[in-house]
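Welcome to my notebook. Here is what I looked up, starting with side chains and rings.

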Amino acid sequence: MTWYNLSAVQLGLVVSGSLYGALIGSMLAYPFADFLGRRRELIIAAILYLAGGSLTACAPELGALLLGRPVYGLGIGLAMHGAPLYIAETCPSQIRGTLISLKELAIVLGILLGYFVGGYEIDVIGGWRYMFGFSAPIALLMGFGMWTLPPSPRWLLLRAIQGKGPLQEYKEKAIGALSKLRGRPAGDKVSEKQIEDTIISLKTAYTDEEAEGNFLEVLQGPSLKAFTIGGGLVLFQQITGQPSVLYYAGSILQSAGFSAAADAARVSVVIGIFKFTYSPAVTDDSSRCPKS
């Protein structure tokens, strides 16, 4: 299969396949995330990354390529939900923002690496397969890393508060998980105290809830303002065309005057470098509202 023989519609389907998968993955994350737990959610995401990247790289024909892209996208949807949750629930508050910012930086680094591999292999027959396949070993690293980490202590306690198991059993598991995450001896007093505080916090948050929230509440009161701001940010990010530049950088540069595909691909690396350089400068300092 030759990449350059794809029509505009076929190319669009390949590009958007991961986005459709990510949309479905995000929808699945909502009902299943609390059941699976953040750790298992990220392990499943790594498996989907590995399967989707491998299938796409080894696709014998267009149908397999179009199947591999949504599978990879499913991993995106789960990971984009599970990663910030796991970070927020496991790391100390003083470095929480930094670690979540590093997650965003890692995404941009992945885009840059994809541009590098694509630009390097642009003149090789079937070189596009290396660009997709490059994600497979990174997915293995992600899966192995999550396998060695414990479940989120807060998620374990949440399961107990929701009546999914005995509180004492989940409490002991949470203490062990927190001790491992902090590099402390198993069952130390500091971790036990922090778990006790978390239990009180969760009980306060969930015990008084008599009914589940309604979606219409998002359109009422203070929630409407937050919903409008959040939705507006996403809307304007899309309608500015920024995602299209990332996905179609090579084609856009060719239309702008870089007639050779190799030249366009290598110039697109400059876009990736600029995005990578700019992201850490604003993500942690300028992306939040000032404290009142």
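I call a residue buried under 20% relative accessible area, exposed over 50% and partly exposed in between, with a 1.4 Å probe and protein chains only. This is a predicted model, where local features need pLDDT of at least 70, side-chain atom pairs count only at pLDDT 80 or more, and totals for chains, interfaces and linings use all residues. Residues are numbered from 1 along each chain as its sequence is written, and side-chain values use heavy atoms, leaving out hydrogens and water.

**Entry: ring pairs.** I looked for rings of Phe, Tyr and Trp (its six-membered ring) with centres within 6.5 Å; planes under 30 degrees apart are stacked, over 60 edge-to-face, the rest tilted. I found 2 aromatic pairs by this rule. Tyr49 and Tyr72 have ring centres 4.9 Å apart and planes at 50°, so I noted the pair as tilted. This pair links distant parts of the chain, with Tyr49 in helix 2 and Tyr72 in helix 3, 23 residues apart. Tyr49 is buried because its relative accessibility is 12%.

Trp128 and Phe132 make an edge-to-face pair, 6.0 Å centre to centre with 80° between the planes. Both sit in helix 5 (residues 128-133), 4 residues apart, about one turn of the helix. Is Phe132 buried or exposed? I noted Phe132 as buried, because its relative accessibility is 13%.

**Entry: charges over rings.** My rule was NZ of Lys or CZ of Arg within 6 Å of the ring centre and within 35 degrees of the ring normal. Arg39 lies over the face of Trp147, 5.6 Å from the ring centre. The charged end of Lys173 sits over the ring of Tyr170, 5.4 Å from its centre.

Note on methods:
Helices (H or I, at least four residues) and strands (E, at least two) are DSSP runs, numbered from the N terminus.
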